[in-house]
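Please report on the fold, the surface and a few local sites of the protein shown here. Keep it short and organised by heading.

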Amino acid sequence: MSGRLRRAFAVMATAVAALSLLTACGSGGGSDQTIRFALDWTPNTNHAGLYVALQRGYFADAGLDVQVLPYNNTSVDTMIDAGNAEFGISTHNSSTFARASGAQVKSVLAPLQHWATGIGVRADRADLASPKDLDGKTYAGFGDPGEREALQQVIRNDGGRGDFTSVVLGSSAYEAVYSGKADFTVSYLAWEGIEAEHHGTPMRYFRYTDFGFPDSYAIVIDANEGWLAQNPDRAAKFVQALQRGYQFAADNPDAAAQDLITANPGAFTDEKLVFESQRMLAEQFMKDAQGTVGTQTVEQWSANSGFLYRSGLLTGPDGKPLTTEPDWSTYFTDEYLADR
């Protein structure tokens, strides 16, 4: 997903750019260096914890100046690796591809513990009862690395061949399925899934893990590894303030949705969708088994990123396929999280 974090927001670009430069200034002296945080898309509920931390002064409480960099066409991991941002929102897959290729990125927090996307078909397509029925059909996709291979594996796990036609349509993929021009896509359950209901085009979804595919952290917070080594105290303060924001969003979804709306006036034409989306994320995706937001495990990294490796999709700094499976414990860290 952005992997897959594409949303059809009706947002004026100039307004988003201005709003996204929102800063939280530290009280009592602050710090001598701004921490830059890169967005992966225009503001949405995946970012709720960030805006909670800004609106409620969690960064300021930690004495941090935080600048939110507006979305642009450069990938977040590329920006972080180049030193143009200290932190940013990525995905499990994108983080894996970037680090494997030599980027100085490491995941420091997982706001969503599980896949937050599903394989979507129109609810009235009785002929598409399970993934194996997608053989021979047309997939409206996004061109993300690994997306086709993951879909093929899900279909094969259900007894199919994994044989389908792909067309890369970006955010137009959803309309292609709604209109019947394509048979299936991958939708973000807590946004496009709800949005489709609101627009009168209900969908059904096949979830990856229901068909034996490994779970994934839908989004992760990546950081520049060199910066972390040079600024361990500030890194911990930032990550813990951000974790506090996401924990609040998981425990108080309506208040978090309102914080997101307040921080981005005019960005959301359907504010009811924002509340429903945040409630779904809080209920199904944000907390680990102990009710904590942000944690990561080597088992989950090994399962999902290991699939990418075993599929021959990961390349090293030389551009050649990796021949040795990485040590996945080096791809993430929980060391900056608050003590539980």
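## Overall fold

The protein contains 13 helices and 11 strands. Both are DSSP runs numbered from the N terminus: helices are H or I with at least four residues, strands are E with at least two. The radius of gyration is 19 Å, close to the 20 Å from the globule rule for 340 residues, so the protein is as compact as a globular protein of that length. That radius is taken over C-alpha atoms, and the globule rule is 2.2 Å times the number of residues to the power 0.38. The C-alpha trace spans about 65 × 50 × 40 Å along its principal axes.

This is a predicted model; local features need pLDDT of at least 70, side-chain atom pairs count only at pLDDT 80 or more, and totals for chains, interfaces and linings use all residues. Residues are numbered from 1 along each chain as its sequence is written, and side-chain values use heavy atoms, leaving out hydrogens and water.

## Burial and contacts

Of the 340 residues, 57% are buried. Buried means under 20% relative accessible area, exposed over 50%, and partly exposed in between (1.4 Å probe, protein chains only). Take the contacts (heavy atoms within 4.5 Å) between residues at least 6 apart in sequence: 81% join residues at least 24 apart.

## Surface and charge

The protein exposes about 13300 Å², and carbon and sulfur atoms supply 48% of that area. The areas come from the Shrake-Rupley method with a 1.4 Å probe; for residues, only the protein chains shown count as cover.

There are 26 positive and 41 negative charges, and their mean positions lie 4 Å apart. Lys and Arg count as positive, Asp and Glu as negative; His and the chain ends are not counted. Each charge is placed at NZ of Lys, CZ of Arg, CG of Asp or CD of Glu.

## Helix α2

Helix α2 covers residues 48-55 and is mostly covered, with seven of its eight residues buried. The buried ones are A48, G49, L50, Y51, V52, A53 and L54. Just after α2, G57 has a positive phi of about 80 degrees.

E147 sits in helix α6 (residues 147-157). E147 counts as buried because its relative accessibility is 13%. Its side chain makes a polar contact with the side chain of Y139 (3.3 Å). A polar contact is a pair of N or O atoms within 3.5 Å; within protein, one must be able to donate a hydrogen and the other to accept it, and residues adjacent in sequence count only if both atoms are side-chain atoms.

D288 lies in the loop between α12 (271-284) and α13 (298-310). D288 is buried, with a relative accessible area of 13%. A polar atom of the D288 side chain lies 2.9 Å from the backbone nitrogen of Q290.
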